[in-house]
Amino acid sequence: MVIIDNILIMKKEVENIKKKFYSIGFVPTMGFLHDGHMSLLKKSKKDNDITILSIYVNPTQFGVNEDFNKYPRDLKRDLKMAEEEGVDIVFTPKSQEIYPKNFSTYIIEEKLSQKLCGKSRPNHFKGVATIVIKLLNILKPDNAYFGQKDYQQYLVLNKVVIDLNLDVNLISCPIIREKDGLALSSRNIHLKGKDRARALSLSKALKNSEKMINNGEKGKENILKYIEEYILNYGKCEIDYIEILNGNNLSEIDYINGKIIIAIAVKYGNTRLIDNVVLEVK
Ligand code: AMP
């Protein structure tokens with residue numbers, strides 16, 4: 001496994017790979033790897049000749065009062081996990097190179113990024129789109145892999161790729177969960193005391209909602225009320241949003257039909273968790 005932290009060296013390496021006509025799969029992450037990240041790497045390895053993992057905690061996607069400094073980091077452990085998974089190249093760029101002092105260009109998607117997380121994290125998707133497009137330009141992958149846990153992120157990036165005519169396939173992969181249902185997240189390590197048990201309410205509420213919908217419930221408000229009460233019943237938390245939207249374009253829907261997403265964001269102490277389920281409802 002090759003570890004590269006320099007953009008020019010990385011570009012040269014990509015040039016060499018392209019000369020051999022090898023396909024490149026790319027998995028962008030902020031590190032502190034878990035089985036969710038591993039599932040993306042496995043899929044990339046299956047689909048491509050070469051798999052590149054990037055590890056970079058991107059400052060521009062964090063708001064001023066958010067957890068950039070506290071975001072968990074453990075590069076040594078990440079590299080060991082990547083090596084064991086058979087990753088070919090790990091790209092760990094430095095902030096000085098990614099955002100030099102005179103940096104002044106950003107990518108802004110104006111519609112999808114205003115919804116859900118975009119309301120409480122106004123510049124989040126600007127930061128995400130900018131770093132991912134930069135990485136796509138450096139690595140020139142054929143395929144890039146994203147988790148459905150950050151479904152809005154996938155939709156926003158896919159829109160940017162289409163709007164800017166980029167030659168890459170973005171692939172959304174299923175949410176990987178703990179045995180009890182909690183969606184894996186690097187931030188779960190910050191869940192203190194009873195918050196770990198409380199956070200379980202997110203996946204449970206989503207699962208129960210899915211059952212209600214499969215049993216014929218069409219009322220959006222009924223499901224939203226059910227989820228809110230369910231989560232609050234588990235104990236202290238701050239609900240950021242619970243929303244049911246069109247699963248293709250995040251537009252508002254009147255009742256549950258077609259492809260929908262039920263998306264949740266809840267804060268336990270300083271730890272903000274998101275979860276969702278995407279359903280095809282007849
Ligand atoms: P992050 O390191 O949190 O920025 O995530 C990097 C990638 O891993 C993103 O595409 C995430 O959607 C994906 N990811 C994070 N958690 C999970 C999970 N539990 N299951 C599947 N993919 C995930």
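Mentor: Helices are DSSP runs of H or I with at least four residues, strands are DSSP runs of E with at least two, and both are numbered from the N terminus. By this numbering, Lys-140 lies in the loop between α6 and β5. The model is predicted: local features need pLDDT of at least 70, side-chain atom pairs count only at pLDDT 80 or more, and totals for chains, interfaces and linings use all residues. Residues are numbered from 1 along each chain as its sequence is written, and side-chain values use heavy atoms, with hydrogens and water left out.

Trainee: Why is Lys-140 called partly exposed?

Mentor: Buried means under 20% relative accessible area, exposed means over 50%, and partly exposed is in between (1.4 Å probe, protein chains only). Lys-140 has a relative accessible area of 44%, and is therefore partly exposed. Its phi is near 45°, a positive value in a residue other than glycine.

Trainee: Why is His-124 called buried, and what does its side chain reach?

Mentor: His-124, in helix α6, counts as buried because its relative accessibility is 9%. A polar contact is a pair of N or O atoms within 3.5 Å; within protein, one must be able to donate a hydrogen and the other to accept it, and residues adjacent in sequence count only if both atoms are side-chain atoms. The side chain of His-124 reaches the backbone oxygen of Gln-61 at 2.9 Å, which means that the distance meets this cut-off.

Trainee: What makes Ser-201 a buried residue, and which residues is Ser-201 in contact with?

Mentor: Ser-201, placed in helix α8 (residues 195-214), has a relative accessible area of 0% and is therefore buried. Contact means heavy atoms within 4.5 Å. Leaving aside neighbours within four places in sequence, Ser-201 is in contact with Tyr-230, Ile-231, Tyr-234 and Tyr-268. With the side chain of Tyr-268, the side chain of Ser-201 makes a polar contact at 3.4 Å.

Trainee: What makes a set of residues a nonpolar core, and which members of the largest one touch the most others?

Mentor: A nonpolar core is a set of buried Ala, Val, Leu, Ile, Met, Phe, Trp, Tyr and Cys residues joined through side-chain atoms within 4.5 Å. In the largest, of 45 residues, Met-10, Ile-52, Phe-91, Leu-136, Leu-139 and Leu-170 touch the most other members. Helix α6 (residues 124-139) gives the most to this core, with ten residues. Apart from it lies another core, of 26 residues, with Leu-182, Ala-205, Ile-231 and Val-266 among them.

Trainee: How do you know which residues surround the ligand?

Mentor: A residue is near a molecule or strand if one of its heavy atoms lies within 4 Å of it. By this test, 17 residues surround the ligand, the closest being Met-30, His-37, Asp-150, Ile-176 and Leu-184. The largest share of this shell, three residues, comes from α2.
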